[in-house]
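Let's take a friendly tour of one protein chain, one piece at a time. Have the sequence and the 3D view open as you read.

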Amino acid sequence: MYKVKVYITLRESVLDPQGSAVKSALHSMSYNEVQDVRIGKYMELTIEKSDRDLDVAVREMCEKLLANTVIEDFSYEVQEVVTK
């Protein structure tokens, strides 16, 4: 069994109005040291072991469904879950 942590963020070239709103709110709360805020998504997938190459499968999932690759980048971490 594997736990896959998927991180999806807007590409640097894409404006992030939600991030700008959060930055503005933080400044209004006197957290003026905050220079920039970018909002993203985090997902955890639990995947059973199979004959399929895990890296290829996760990359396909991200490219086909989890991320909009026109405006978003993704990265992921794979951890093997040890069951007793």
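## What covers helix H2

In this predicted model, the cover over the buried residues of H2 includes S1, strand S2 (40-47) and S3. Which residues of H2 are the buried ones? They are Leu54, Ala57, Val58, Cys62 and Leu66. These residues sit on the same side of H2, because the arc they cover around the axis is only 135 degrees. Here's a handy bit of background: an α-helix has 3.6 residues a turn, so residues three or four places apart point the same way.

Helix H2 runs over residues 54-66, which makes 13 residues. Its end C-alpha atoms are only 16 Å apart, while a straight helix would reach 18 Å at 1.5 Å a residue.

Now look at the start of H2: there, a side-chain oxygen of aspartate 53 comes to within 3.0 Å of the backbone nitrogen of aspartate 55.

## Aspartate 16, a buried charge

Head over to the loop between strand S1 (2-10) and helix H1 (17-28), and you'll find aspartate 16. Aspartate 16 is buried, yet it has no salt bridge. The nearest side chain of opposite charge belongs to arginine 38, 4.3 Å away.

## Valine 82, out in the open

Is valine 82 buried or exposed? Valine 82 counts as exposed, because its relative accessibility is 71% and the cut-off for exposed is over 50%.

Valine 82 and aspartate 16 are 66 residues apart along the chain, and their C-alpha atoms are separated by 38 Å.

Terms used
Residues numbered from 1 in each chain as written. Predicted model: local features only at pLDDT ≥ 70, side-chain atom pairs only at ≥ 80, totals over all residues. Heavy atoms only, no water. Buried < 20%, exposed > 50% of the residue type's maximum accessible area, 1.4 Å probe, protein only. Helix = DSSP H or I, 4+ residues; strand = E, 2+ residues; numbered from the N terminus. Lys, Arg positive; Asp, Glu negative; His and termini not counted. Salt bridge = Lys/Arg side-chain N within 4 Å of Asp/Glu carboxyl O. Expected span 1.5 Å × (residues − 1). Arc of directions from axis to C-beta. Contact = heavy atoms within 4.5 Å. Polar contact = N/O pair within 3.5 Å; in protein donor to acceptor, adjacent residues only side chain to side chain.
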